[in-house]
Amino acid sequence: SLHAFTYGGIGMMTLGMMSRISLGHTGRNINQPPAVLKWVFAALFIGAVTRVLLPLFMPSAYLHIIGIAQGLWIAAFTVFLTQYFIVFIKPRVDGMPG
């Protein structure tokens, strides 16, 4: 249950807040995030399900399952970073300072 809470709950909440706050603080519409963000959250969710549930059914493949979950986590945050790096290096779209 600890991994379900931290991996799925805290990880998704952290990424959700980072994406929303990043858009708001750069003058962008928080209700229209980049389309790829859906895939980022899907990867986190699948990673959480993989990390929490699959070891219960396939304990002999534990290390492989952990590797898959880690890969999904890393992929999700890497895609987020590549998408939002562009947001961070460009000026605010509303023309305000900051």
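**Helices, aromatic pairs and the nonpolar core**

Ser22 is placed in helix H1, where helices (H or I, at least four residues) are DSSP runs numbered from the N terminus. The model is a predicted one, in which local features need pLDDT of at least 70 and side-chain atom pairs count only at pLDDT 80 or more, while totals for chains, interfaces and linings use all residues. Residues are numbered from 1 along each chain as its sequence is written, and side-chain values use heavy atoms, with hydrogens and water left out.

With a relative accessibility of 10%, Ser22 counts as buried, a word that stands for under 20% relative accessible area, whereas exposed stands for over 50% and partly exposed for values in between (1.4 Å probe, protein chains only). When neighbours within four places in sequence are left aside, Ser22 is in contact with Tyr84, Val87 and Phe88, contact being defined as heavy atoms within 4.5 Å. Val87, for its part, touches Ser22, Thr26 and Arg28 when residues up to four places away in sequence are not counted. Arg20 also lies in helix H1, but Arg20 is partly exposed, with a relative accessible area of 46%. Between the C-alpha atoms of Arg20 and Gln32, which are 12 residues apart along the chain, the separation is 9.6 Å.

Helix H2, which covers residues 37–57, has 21 residues and reaches 30 Å from its first C-alpha to its last, close to the 30 Å expected at 1.5 Å a residue; the expected span of a helix is taken as 1.5 Å times one less than its number of residues. At Arg51 in H2 there is a kink of about 30 degrees, shortly before the proline Pro55, where the bend at a residue is the angle between axes fitted to the seven residues ending there and the seven starting there. Buried positions of H2 include Leu37, Val40, Ala43 and Leu44, as well as Arg51 and Pro55. Ala42 is also placed in H2, yet Ala42 counts as partly exposed, at 27% relative accessibility. Ala42 and Gly24 are 18 residues apart in sequence, and their C-alpha atoms are 23 Å apart in space.

Helix H3 has 28 residues and reaches 40 Å from its first C-alpha to its last, close to the 40 Å expected at 1.5 Å a residue. A bend of about 25 degrees is found in H3 at Gln83. The buried residues of this helix are Ile65, Ile66, Ala69, Ala76, Phe80, Tyr84 and Val87.

A pair of aromatic rings is described by the distance of the centres and the angle of the planes. Rings of Phe, Tyr and Trp (its six-membered ring) are taken to pair if their centres lie within 6.5 Å, and planes under 30 degrees apart count as stacked, over 60 as edge-to-face and the rest as tilted. By this rule the count comes to 3 aromatic pairs. Trp73 and Phe77 form a tilted pair, with 5.0 Å from centre to centre and 40 degrees between the planes; both residues lie in helix H3, 4 residues apart, about one turn of the helix. Trp73 is partly exposed, with a relative accessible area of 28%, and Phe77 is likewise partly exposed, with a value of 21%. Phe80 and Tyr84 form a stacked pair, at 4.4 Å centre to centre and 25 degrees between the planes. Phe80 and Tyr84 are separated by about one helical turn, because they are 4 residues apart in helix H3, and both Phe80 and Tyr84 are buried. Ring pairs link Phe80, Tyr84 and Phe88 into a cluster.

In soluble globular proteins, nonpolar side chains tend to be buried together. The largest nonpolar core of the model has 10 residues, namely Leu15, Leu23, Leu37, Val40, Ala43, Leu44, Ala76, Phe80, Tyr84 and Val87. The elements that give two or more residues to this core are helix H1 (2–25), H2 and H3. Such a core is a set of buried Ala, Val, Leu, Ile, Met, Phe, Trp, Tyr and Cys residues joined through side-chain atoms within 4.5 Å.

Arg92 is placed in the segment after helix H3 (62–89). The side chain of Arg92 reaches the backbone oxygen of His25 at 2.7 Å, and a polar contact of 2.6 Å joins the side chains of Arg92 and Asp94. A polar contact is a pair of N or O atoms within 3.5 Å; within protein, one must be able to donate a hydrogen and the other to accept it, and residues adjacent in sequence count only if both atoms are side-chain atoms. Pro97 lies in the segment after H3 as well, and Pro97 is exposed, with a relative accessible area of 74%.
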